[in-house]
Amino acid sequence: MAGETDRLTLVEAVNSALHNEMARDEHVVVMGEDVGVNEGVFRATAGLYDEFGEQRVIDTPLAESGIVGTAIGMSFLGIRPVAEIQFMGFLYPALDQLFSHAARFRSRTRGRFVPEIVIRAPYGGGIHSPESHSESTEALLTHYPGVKVVVPSTPADAKGLLIASIREPDPVVFLEPKKIYRSFREAVPTEPYEIPLGEASVRRDGTDVSVFTWGAMTRPTLEAARQLEGEVDVEVVDLRTLSPLDRVTLITSAEKTGRVVVVHEAHRTGGLAGEIATTIQEHSFLYLEAPVKRVTGWDVPYPFPELEKYYMVNVARIIDGIKEVVAFP
């Protein structure tokens, strides 16, 4: 990677992006529960309060609807709020503000007013959290037009995608896979840079089967592909932006391999895999050599920590799904 870099974890890359953007643009502010003096529940906002002060790093009450509603109002004063919701499972009280207001202002005002806000939220399981702390309901957010939904899977992507989200004129929900917040490091440019929203990344080229995934599921999917080397040539596509979907890359990959698996940790029924499978069926039906396979979480409430390993998608389940699709008919 060109230029000076640091080896960062994903949460450190989020912090680096916030530092960069707050230093570049005085209108960028961070707000949320305990983001200031306490530096955030996962320390994603470490150092910001000391560097930028209480006027730009704002501790809020424990009131998610109020956080998002206030961010929308602030955006109409020329401020660019980056609001943190401590866990995705606590986002639901704010959905009315997000869907009824933030997502609709562009069409409601014929483009005169658009809330330039980012809502950050750790999401997903894998760290033995208590109830309501391991939600993976991103499909709810992708259903509603007017809101972009972004999910990084690497530190370098986290920084570039978050900077692009902060500079994006439409509201963005930025979901951070907390299972991999600190699980690995990679080189991340020190200087600010953008990764365009709406563009998937082909993490691994292959010819036998395409596997579409995102967030924390990207790494076990790549490990499954590695373990199948010599037996199945697996293409792995990390979607990175869930709304809007990069349908061109989806269709191109599906038509190249003719076989598709979708991997996500969210519940199966109504999950994004259904939308992806239908998109491929609508555009690439004559290229398919097997039904599209879903490897997902189960249709039950996210379990307590003792049962988490039985809920989470793992490498073995991904391998089984790939083999089933490749063996058809």
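**First stop: R259**

Select R259, whose side chain reaches the backbone oxygen of V325 at 3.0 Å. This is a predicted model, in which local features need pLDDT of at least 70 and side-chain atom pairs count only at pLDDT 80 or more, while totals for chains, interfaces and linings use all residues. Residues are numbered from 1 along each chain as its sequence is written, and side-chain values use heavy atoms, with hydrogens and water left out.

R259 is found in the loop between α9 and β13; helices (H or I, at least four residues) and strands (E, at least two) are DSSP runs, numbered from the N terminus. Is R259 buried or exposed? With a relative accessible area of 12%, R259 is buried, the limits being under 20% for buried, over 50% for exposed and partly exposed in between (1.4 Å probe, protein chains only).

**Second stop: the sheet**

Next, display the open sheet of five strands, ordered β9-β11-β10-β13-β14 with mixed pairing; two strands pair if DSSP finds at least two bridges between them. β9 (201-204) and β14 (293-297) stand at the edges with a single partner strand each, so one side of each has no neighbour in the sheet. Select residues 209-213 and 234-238: these are β10 and β11, which run parallel and are joined by five bridges. Within this pair, F212 stands opposite V237.

Select residues 218-227, helix α8, and colour its buried residues: T218, P220, T221, A224 and A225. What covers them includes β9, β10, β11, β13 and α12 (315-327).

**Last stop: the nonpolar core**

Finally, select L98, I119, L141, L175, W214, L239 and I276, the residues with the most contacts inside the largest nonpolar core, which has 43 residues. Such a core is a set of buried Ala, Val, Leu, Ile, Met, Phe, Trp, Tyr and Cys residues joined through side-chain atoms within 4.5 Å. Helix α3 gives the most to this core, with five residues.

Conventions
Contact means heavy atoms within 4.5 Å. A polar contact is a pair of N or O atoms within 3.5 Å; within protein, one must be able to donate a hydrogen and the other to accept it, and residues adjacent in sequence count only if both atoms are side-chain atoms.
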